[in-house]
There are 4 protein chains.
Amino acid sequence: MRIGVLTAGGDCPGLNAVIRSVVHRAMTGHGDEVIGFEDGFKGLLDGHFRPLDLNAVSGILARGGTILGSARLERNRLREAAESASELARQYGIDVLIPIGGEGTLTAARMLSDAGMPVVGVPKTIDNDISSTDRTFGFDTAVGVATEAMDRLKTTAESHQRVMVVEVMGRHAGWIALESGMAGGAHGICLPERPFEVDDLVKMVEERFARGKKFAVICVAEGAHPAEGSMEYAKGEIDQFGHERFQGIGTQLAVELERRLGKEARPVILGHVQRGGTPTAYDRVLATRFGWHAVEAAHRGDFGRMTALRGTHIEMVPLAEAVTQLKRVPADRMREAESVF
Amino acid sequence: MRIGVLTAGGDCPGLNAVIRSVVHRAMTGHGDEVIGFEDGFKGLLDGHFRPLDLNAVSGILARGGTILGSARLERNRLREAAESASELARQYGIDVLIPIGGEGTLTAARMLSDAGMPVVGVPKTIDNDISSTDRTFGFDTAVGVATEAMDRLKTTAESHQRVMVVEVMGRHAGWIALESGMAGGAHGICLPERPFEVDDLVKMVEERFARGKKFAVICVAEGAHPAEGSMEYAKGEIDQFGHERFQGIGTQLAVELERRLGKEARPVILGHVQRGGTPTAYDRVLATRFGWHAVEAAHRGDFGRMTALRGTHIEMVPLAEAVTQLKRVPADRMREAESVF
Amino acid sequence: MRIGVLTAGGDCPGLNAVIRSVVHRAMTGHGDEVIGFEDGFKGLLDGHFRPLDLNAVSGILARGGTILGSARLERNRLREAAESASELARQYGIDVLIPIGGEGTLTAARMLSDAGMPVVGVPKTIDNDISSTDRTFGFDTAVGVATEAMDRLKTTAESHQRVMVVEVMGRHAGWIALESGMAGGAHGICLPERPFEVDDLVKMVEERFARGKKFAVICVAEGAHPAEGSMEYAKGEIDQFGHERFQGIGTQLAVELERRLGKEARPVILGHVQRGGTPTAYDRVLATRFGWHAVEAAHRGDFGRMTALRGTHIEMVPLAEAVTQLKRVPADRMREAESVF
Amino acid sequence: MRIGVLTAGGDCPGLNAVIRSVVHRAMTGHGDEVIGFEDGFKGLLDGHFRPLDLNAVSGILARGGTILGSARLERNRLREAAESASELARQYGIDVLIPIGGEGTLTAARMLSDAGMPVVGVPKTIDNDISSTDRTFGFDTAVGVATEAMDRLKTTAESHQRVMVVEVMGRHAGWIALESGMAGGAHGICLPERPFEVDDLVKMVEERFARGKKFAVICVAEGAHPAEGSMEYAKGEIDQFGHERFQGIGTQLAVELERRLGKEARPVILGHVQRGGTPTAYDRVLATRFGWHAVEAAHRGDFGRMTALRGTHIEMVPLAEAVTQLKRVPADRMREAESVF
């Protein structure tokens, strides 16, 4: 068998672990050949690829990023790919394509699959918002980085009797904010799933100070937003250079809390440190398992599906099912978190 | 409601997170009272306990160990406890006991429950070998520590063309060895579940050296043992002071490999560093959720059961079911790991 | 002897290690009594203090922040303190005051000393910009946090062919930027000590891309600024809510580089995570030694001086000397760093 | 200029950072050529070397180990090298050799230098025991690893009322034990510099338990040994396979303490994890500076010397001076540490 593999979308710890696992299982388990397309679907369309053997993937398990590169592709070029899917497969002589990516990538994968290319997907997102899999690799690393940051920030908050507002990733789903907020012992968590009331946060902080706990940490997903009328809030404003301002909800909320509370509030925007660097052990194991099962699925001819974690097992689920709906934080998970504020 | 909580058995990162979560949920969610027994069942029998309020559990989320202490108790004293279970409950005025512990603790919990004490268990083991729950807290931390050690050891092994034998915890089940071995990129993994052939390891190392990869890391669970006739192997020998020697399978295997290979082999025994210290974000979240659900179960009168992770949900399972059988590493999980050796 | 201790100024990993060391050395080495003033000089003026014994400092060595709290004090209240210095000492019955703090604190300490209070200072700043000491505790931790962030950011930069601009602390001196930039393998470092030319950075990035290294990381001290005419640059602008914008040089430089390069550039503002949390081993050792020597100096009657690291020794230097001049990054240190861009 | 570089002796975090720095400074600063000899002096004698350019050293700053490999060489082969030193230099066309290594390597370097080869040494030892330099790279990483282990072990010790004996590296000098013991808050430190009295340790533990602190951590250098008559002690015993037993002072001391105290005592042997893996920021900076200054010294013709940290400066010191005497922990450093037991 000849297998093509590519990584698309944002950086995510564990991508290299998947690539390595695919190559190992394919070559030593089945005697397959593997090629890697560079910079995601772009490499597939432009014919940029290279053979991947055991040496090519040696030493990459613990490395962040992706040795294959990743790039965004315009929608119409993706459509172009879909239209020539079976031709592309023939051209490269690949029997299956294993794209590793997030919602956009899996949607593209589904288009290619529908258009006749044998595809086995591997889901990837640090946001953990893909339905049909319990978890995605990269998420654990992101939560770990955010938690360690909150561990550090607490001592400063406490020493200076301050409110720290920590903005973490999560544009459409609040999983990182939920879990890092719980693990970091945040006293408030704001998710995209539920507009927050600034009044509630103000009240929580005031009650803490009244109880003698003279600091607070609030964990905010970048996609969280205030309930209507709750505070002045500017989304995506443009600065004096004509660029979008890098001033998200975290900064705006800190400004608002300082104004209302009359206490120092400081924003900390964690940003890209959450998505790079060496993956946690959890993410390395999950990514390695996904790679193994993707190859096995390919050999069973189980196309049009992607790997998914269900409990302790890896199962294959239809791509169609995976991308129809975002996995959001349900109300009962939020209730668990609120209990320890 | 008045809730008693205790921690028993070995140290495990996340114990404090459970205690904190129990206290928060009980007090702020239900207006309960909570008392903590000291040093496990010993405190229950000897009447050593203290009230736990929000201040008592402040700042302990990220701390390893247990603020309540833990001690082993002889079997006959446990039987004594079981016999006077309902009396003990009355004596302390507790409506429910929440013991947090491993197999032994949960067995004791079941005895108490059978004898009439309302009990809700919380499973705990860094070994991850309790059936009926997908994972236990503490395990992720242990795997993380072992993985980081292997990351470090690899560079030494490579620079010096050596074989490193890393002994990790796991007396009866090999989960830590399996997952840290996969995550740390070990080239051989030895589990208690399957006697290993030294010949296989020798062959693997020789093939690696032949391919130009002049080093190897082998991850061995402390409970692993060689296949009969595979190597001389002394279990539990006694030293000159009349004490059991602290020389486990890791050291013996390193000695044997050096002899057969004619190459330097070195044992590294990770030991107790795996079970102490600050828990990972994963373990803090799981422990916090277990605490929340234990309190909810208590309020539902859902006694004689323990919290369990099933997929992404926390469910209650009968204590009886939990402790009848050890969860061992199945053959297919080992196959996944072998693929990337 | 009766010793008063206080911590003033910004949070800094290692403060608790000094306090612990002072208490241990004073009590067990000399049979002294120690009291701790709360919230810096405020506690001294307002009479907020508490006795510190071995139990009070148990378990704080590895904890960030300061158990005594810290607060800023207005200049005129400080003058008030200086005027009543000897009276204050008498009032609390202290034979010596050990203030632990940065430039402002040491200046205040000098005023108190000049006014007749026996004072032994301990220098503290994560910025490492106090003359007369080779290093200050807290600095190593800050550099470590910033370096780990750059390690993580590199994989994202590389996978996405991006320029990452990392803003680190350092308003007046660029030590954190210099050392974390060197340790994190930054390709450009901008310090307050030397206005930077945007053209140089643009050229560096373009040359890297031309060589096939399609990413770059630039490390910028928050106090760095462009050479005149080098780019549009707004210092301390005010946003629509009347607050100062939290948009520093890092963000502005990223915007400018993206504009000129036509490549994605992203700012990452590390902020307060650099100054909180558990200190590195280096900082714990240095802080512990400072505490020990401060007590010894007090017993020798060596007042009006502060502890300082000189090579491998701790020496006492006059407070006057310590605060007259900021320690800036000299040109030859910058040359060493430039070599590996 | 044509520069030869090699790494010899044990693995040490920061070796790659030196190599990278040498190559960068030599090539971009001076237009030099650099070749790297493989496996230490062995490569020099056997003619195994490869050219090193910017690509060859790309991405190695944060990697442990050494890309050039390292191997021990018998004394008589070293003498052979010394005898043909100038011939070797001519043969490879190198104008200078930069050997990076510990005491043995620097002694060999001195022999080569005396025999006419232009040599600039770079000192390397995780033990920090080379005179004439304040610190060596690798040491900070080793101390950090040992400190983190002690942080973890304390919670287990405390939860189980145990004595933990942590054996760290340091055969002839106790720097790692001293600094990790201080940073990890050990309650006893045993160094090679001073035979320890078991009675003192027993008394310390008993006093702690009497004060209600029911645990203790003792940090022991592998080269520490008991005072005569203090305990039975077997050095370098041979096991049943004819190999030296891997049972060092840490294990023996734990056995002895358990016997005398009647309390659980457990040994933890950190071993090779201390010397591998990614270097701390401190070590990366120091290693990078050493590389820079070695190249500058070569261009100044400053041969027969090695780089050394003196305060905040890098200076060149004669190789002769560097290797005559081991740098041991002086009594006053030990006194500082004892204060906080």
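Visitor: In this predicted model, how many residues of chain C are in contact with chain A?
Guide: The structure is a predicted model, and totals for interfaces use all residues. Taking contact as heavy atoms within 4.5 Å, the partners on the side of chain A number 46 residues, and the count for chain C is 46.

Visitor: What area is buried between chain C and chain A?
Guide: Carbon and sulfur atoms give 56% of the area buried between these two chains. The total to which that percentage refers, for chain C and chain A, is about 3800 Å².

Visitor: Which element gives the most to the side of chain C that touches chain A?
Guide: Three elements of chain C, namely α6 (139-160), α9 (249-261) and β9 (265-269), each supply at least two residues of the side that touches chain A. By class, the residues of that side divide into 13 nonpolar, 21 polar and twelve charged. The element that gives the most, with ten residues, is α6(C).

Visitor: Which helices each supply at least two residues of the lining of the largest cavity?
Guide: The structure holds five cavities of 30 Å³ or more, and about 190 Å³ of space lies in the largest cavity. Its lining is made up of A:V145, A:E148, A:A149, A:R152, A:L270 and A:V273 together with C:V145, C:E148, C:A149, C:R152, C:L270 and C:V273. The helices that each supply at least two of the lining residues are α6 (139-160) of chain A and α6 of chain C.

Visitor: How many charged residues does the lining of the largest cavity have?
Guide: The lining includes A:E148, A:R152, C:E148 and C:R152. By class, the lining of the largest cavity has eight nonpolar residues and no polar ones, and the number of charged residues is four.

Visitor: How many salt bridges are counted between chain D and chain C?
Guide: Chain D and chain C are in contact through 38 residues of each, and the area buried between them is about 3200 Å², of which carbon and sulfur atoms give 56%. One salt bridge joins the side chains of C:D151 and D:R284, at 2.9 Å from N to O. The count between chain D and chain C also comes to twelve residue pairs in polar contact, while the count of salt bridges is four.

Visitor: Where does the largest share of the side of chain D that touches chain C come from?
Guide: Between chain D and chain C there are twelve residue pairs in polar contact, both residues being at pLDDT 80 or more. On chain D, the helices α1 (15-30), α6 (139-160), α7 (175-183), α10 (281-300) and α12 (331-339) each supply at least two residues of the side that touches chain C. The largest share, eight residues, comes from α10(D).

Visitor: How far apart are the closest C-alpha atoms of chain B and chain C?
Guide: Chain A and chain D do not touch, and their nearest C-alpha atoms are 11 Å apart. No contact joins chain B and chain C either, and the distance between their closest C-alpha atoms is 11 Å.

Visitor: How many residues apart are C:R194 and C:E338?
Guide: The side chains of C:R194 and C:E338 meet in a salt bridge at 2.7 Å, N to O. C:R194 lies in the loop between β7 (188-190) and α8 (198-210) of chain C, whereas C:E338 belongs to helix α12 (residues 331-339) of chain C, and the pair, which links distant parts of the chain, is separated by 144 residues.

How values were computed. Residues are numbered from 1 along each chain as its sequence is written. Chains are lettered from A and ligands numbered from 1 in the order in which they are written. This is a predicted model: local features need pLDDT of at least 70, side-chain atom pairs count only at pLDDT 80 or more; totals for chains, interfaces and linings use all residues. Side-chain values use heavy atoms; hydrogens and water are left out. Buried area is the accessible area (1.4 Å probe) that two parts lose on being put together, summed over both. Helices (H or I, at least four residues) and strands (E, at least two) are DSSP runs, numbered from the N terminus. Ala, Val, Leu, Ile, Met, Phe, Trp, Tyr, Cys and Pro count as nonpolar, Asp, Glu, Lys and Arg as charged, and the others, Gly among them, as polar. On a 1 Å grid over the protein atoms alone, a cavity is a set of points where a 1.4 Å probe fits but cannot get out, and a pocket is an open set with protein on both sides within 12 Å along at least five of seven lines; lining residues have an atom within 4 Å of a point. Grid points are joined across faces, edges and corners, and a volume is the space filled by probe spheres set on the points. A polar contact is a pair of N or O atoms within 3.5 Å; within protein, one must be able to donate a hydrogen and the other to accept it, and residues adjacent in sequence count only if both atoms are side-chain atoms.
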